[in-house]
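Subject: Structure for your review

Dear colleague,

Please find the structure below, together with its sequence. My notes on what was found in it follow.

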Amino acid sequence: MAAHRVAAFSAIRQDFEDIVGDVVYATMTTVDAKGRPRSRVLLPIWEMTGDSPVGWLATFDTPVKRAHLAGNPHATFSYWSPAQNTVAVDTVARWETDEAVKKAVWELYRQGSPPGVGYDPQAYWRRGPEDPGYHLLRMDPWRIQVLRGRDLATGRPSRIWVAPPQEDRRP
């Protein structure tokens with residue numbers, strides 16, 4: 001079954017937010033210098049900037065994650081629910097060090113974005129956004145695929161949004 005490409009993220013935004021808000025945790029996959037994938041389960045948040053989403057990941061700066069992203073900044077985030085609802089987000093990730101941005105994303109985590117997704121980061125970084133262990137990844141999606149289980153059952157194809165050329169982050 002071929003996928004259907006949508007012209008604007010707005011065409012899949014509601015399903016994206018509903019599925020992400022239901023699933024909450026995503027599997028993040030990166031690759032090492034030998035091209036071997038490594039996955040881990042994390043809790044990114046997403047916000048709209050203009051007509052496109054931007055992802056944020058409050059995280060620990062582990063040697064593996066740092067090395068993988070230094071060698072290849074592409075990361076995929078996968079959401080799946082038992083109802084067979086899925087979202088796959090292909091991104092380019094980079095470490096964000098701007099203190100004002102880190103504070104703003106800290107608050108975004110506390111508020112939840114999209115609804116249902118987030119937590120109080122104070123549980124992991126006791127000294128707040130200034131905690132030296134608090135690190136932030138920015139994920140700029142270049143491709144997002146959404147599929148609802150009910151559509152799969154009826155033969156409706158998944159829908160794919162690809163970032164416009166000026167935003168294209170593909171290799």
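Which residues are linked with Asp15 in a network of salt bridges? The network joins Asp15, Asp18, Arg148 and Arg159.

Before the remaining findings, a word on confidence. The model is predicted. Its mean pLDDT is 94, and 96% of the residues in the protein reach 70 or more. Confidence is highest in strand 6, at 98, and lowest in helix 4 (residues 149-154), where the mean is 90.

Salt bridges

Searching the whole structure gives 13 salt bridges. Side chains of opposite charge can pair when their charged atoms come close.

- Arg66 and Asp61 form a salt bridge through their side chains, with an N to O distance of 2.7 Å. Arg66 is partly exposed, at a relative accessible area of 35%, and Asp61 is likewise partly exposed, at 29%.
- Glu130 and Lys103 meet in a salt bridge at 3.4 Å, N to O. This pair links distant parts of the chain, as its members are 27 residues apart: Glu130 belongs to the loop between helix 3 (99-111) and strand 8 (135-147), whereas Lys103 lies in helix 3. Glu130 is partly exposed, with 47% relative accessibility; Lys103 is also partly exposed, with 41%.
- Asp140 is in a salt bridge with Arg138, and their closest N and O atoms are 2.9 Å apart. Asp140 has a relative accessible area of 8%, and it therefore counts as buried, the limit being under 20%.

In soluble globular proteins, nonpolar side chains tend to be buried together. The largest nonpolar core in this model has 40 residues, of which Phe16, Val87 and Ile144 touch the most other members. Two or more residues come from each of helix 1 (13-23), strand 2 (26-31), strand 4 (45-49), strand 5 (52-59), strand 6 (74-80), strand 7 (86-96), helix 3 and strand 8. Strand 8 contributes the most to this core, with five residues.

Which residues does Phe16 contact, leaving aside its neighbours within four places in sequence? They are Phe9, Trp46, Val87, Val89, Ile144 and Val146.

Yours sincerely

Definitions and conventions. Residues are numbered from 1 along each chain as its sequence is written. This is a predicted model: local features need pLDDT of at least 70, side-chain atom pairs count only at pLDDT 80 or more; totals for chains, interfaces and linings use all residues. Side-chain values use heavy atoms; hydrogens and water are left out. A salt bridge is a side-chain nitrogen of Lys or Arg within 4 Å of a carboxyl oxygen of Asp or Glu. Buried means under 20% relative accessible area, exposed over 50%, partly exposed in between (1.4 Å probe, protein chains only). Helices (H or I, at least four residues) and strands (E, at least two) are DSSP runs, numbered from the N terminus. A nonpolar core is a set of buried Ala, Val, Leu, Ile, Met, Phe, Trp, Tyr and Cys residues joined through side-chain atoms within 4.5 Å. Contact means heavy atoms within 4.5 Å. pLDDT is the predictor's confidence in each residue, from 0 to 100.
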